[in-house]
Amino acid sequence: MATAGLPPLIVLAGATATGKTALSLALAEALAATGVAAEIVSADSRQVYRGMDIGTAKATADERTRVSHHGLDLVEPDQAFSVADYTSCAATALAGIGDRGAVALLVGGTGFYLRSVARGLAVDELPWDPQVRVAVEASLVAEGLPALVGELRRLAPSRAAEVDLRNPRRVVRAVEIARIRGDAPLPQPRGYGRPVLWLGLSVEPPALRERIHARARAQFEAGLVEETRTLVDRYSPTLPSFSGIGYAEALAVIEGRLTPEAAVAEDARRNVLFARRQATWFRREPDVLWLDATSALPLAEVFAAAQSYLASLGQ
């Protein structure tokens, strides 16, 4: 990513259901009240898909009116989308934010997306081979996801520890890299180009489980099954995008394999496991200021950290 014209960058990271979206909106509006414009760049690998709104907890139309958002609705659910694609889109968004003299808030729980932008991960140096990719995808169809996960654990155990092993798309990509280069470490980050403020939201496991269950129920009550039905009328339910938490359970309701109540429970169960994997990833990130998302004053703490950061840049 070119460094000229880069905006100040504040990362707001954390596991699912820790309140990142609401806090990012509040922070952007608090900064605006002091005369500092801020725009949000989503770092969520599911929110890039058009039409997948409820199940990805995407910012609503009203929220996007309040604060400019980027990184949403980039591709159709049947289109391939890689971290390299995301990095390119984010670079374009950041250039525009820099031109407008605003601050960028990079918000999300997809650790690889956050790292690719805020630490300048050299995604273009990751190995890629179309023949290997075809072979891995054929293995997925013929042998299933568990067999592919087993292969990844054998070939690249350190990478397997960081990948969402329930996400076929990510497992396929990880196995592709592993077949080419084994368990070699990823390329060294190049850096963002200027100082970055990393903020993390944390919630103790019991409270996070309650939040996750409440959100799963709210999403189904808000029409997740109907949203999924509309999508599968246009796209094949076998697409990787439909393996995401929430959509797989809603599809099971549509097909009569789960009751709505059982689907909510399964959605929550998978998200609890996903949150654990996210926490493992984020524990490896250095220089993150972790804040208690259940604190009475999370916005005050985030706002104070943002002001201190901007003052250090002379903003």
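**Helix packing in a predicted model**

I start with helix α3 (residues 83-99) and helix α4 (residues 111-118), whose axes come within 10 Å and cross at roughly 50°. Before going on, the basis: this is a predicted model, in which local features need pLDDT of at least 70, side-chain atom pairs count only at pLDDT 80 or more, and totals for chains, interfaces and linings use all residues. Residues are numbered from 1 along each chain as its sequence is written, and side-chain values use heavy atoms, with hydrogens and water left out.

A few terms. Helices (H or I, at least four residues) are DSSP runs, numbered from the N terminus. Axes are lines fitted to C-alpha atoms, for helices over the stretch in contact, and angles run from 0 to 180 degrees between N-to-C directions.

Back to the crossing of α3 and α4, at roughly 50°. That angle makes α3 oblique to α4; angles under 35 degrees count as roughly parallel, over 145 as roughly antiparallel, 65 to 115 as roughly perpendicular and the rest as oblique. The crossing of α3 and α4 is right-handed, meaning that the near helix is turned clockwise from the far one by less than a right angle. On the α3 side the contact (heavy atoms within 4.5 Å) is made by Val-83, Tyr-86, Thr-87, Ala-90 and Leu-94. On the α4 side, Phe-112, Tyr-113, Ser-116 and Val-117 make it. By class there are 7 nonpolar, 2 polar and no charged residues. Here Ala, Val, Leu, Ile, Met, Phe, Trp, Tyr, Cys and Pro count as nonpolar, Asp, Glu, Lys and Arg as charged, and the others, Gly among them, as polar.

The cut-offs are under 20% for buried and over 50% for exposed, with partly exposed in between (1.4 Å probe, protein chains only). Leaving aside neighbours within four places in sequence, Arg-115 is in contact with Gly-120, Leu-121, Trp-198, Trp-281 and Glu-285. Asp-99 lies in α3 and is exposed, at 70% relative accessible area. The C-alpha atoms of Asp-99 and Pro-7 are separated by 8.1 Å, with the two residues 92 apart along the chain.

Next pair: helix α1 (residues 20-33) and helix α13 (residues 298-312). Their axes come within 10 Å and cross at roughly 55°, which makes α1 oblique to α13. This crossing is right-handed. From α1, Leu-23, Ala-26, Leu-27, Ala-30 and Leu-31 meet Pro-298, Leu-299, Val-302, Phe-303, Ala-306 and Leu-310 of α13. The count by class is 11 nonpolar, no polar and no charged.

The last pair is helix α5 (residues 130-143) and helix α8 (residues 168-181), with axes that come within 9 Å and cross at roughly 130°. So α5 is oblique to α8, and their crossing is right-handed. The contact includes Arg-133 and Glu-137 of α5 and Arg-173, Glu-176 and Arg-179 of α8. Its residues divide into 8 nonpolar, 1 polar and 5 charged.

Finally, which residues are buried in helix α10 (residues 224-232)? They are Leu-224, Val-225, Glu-227, Thr-228 and Leu-231. Seen down the axis of α10, they fall within an arc of 160° and so line one face of the helix; the arc is that of the directions from the helix axis to the C-beta atoms. These buried residues pack against α9 (205-221), α11 (247-254) and α12 (260-283).

Key
Helix = DSSP H or I, 4+ residues; strand = E, 2+ residues; numbered from the N terminus.
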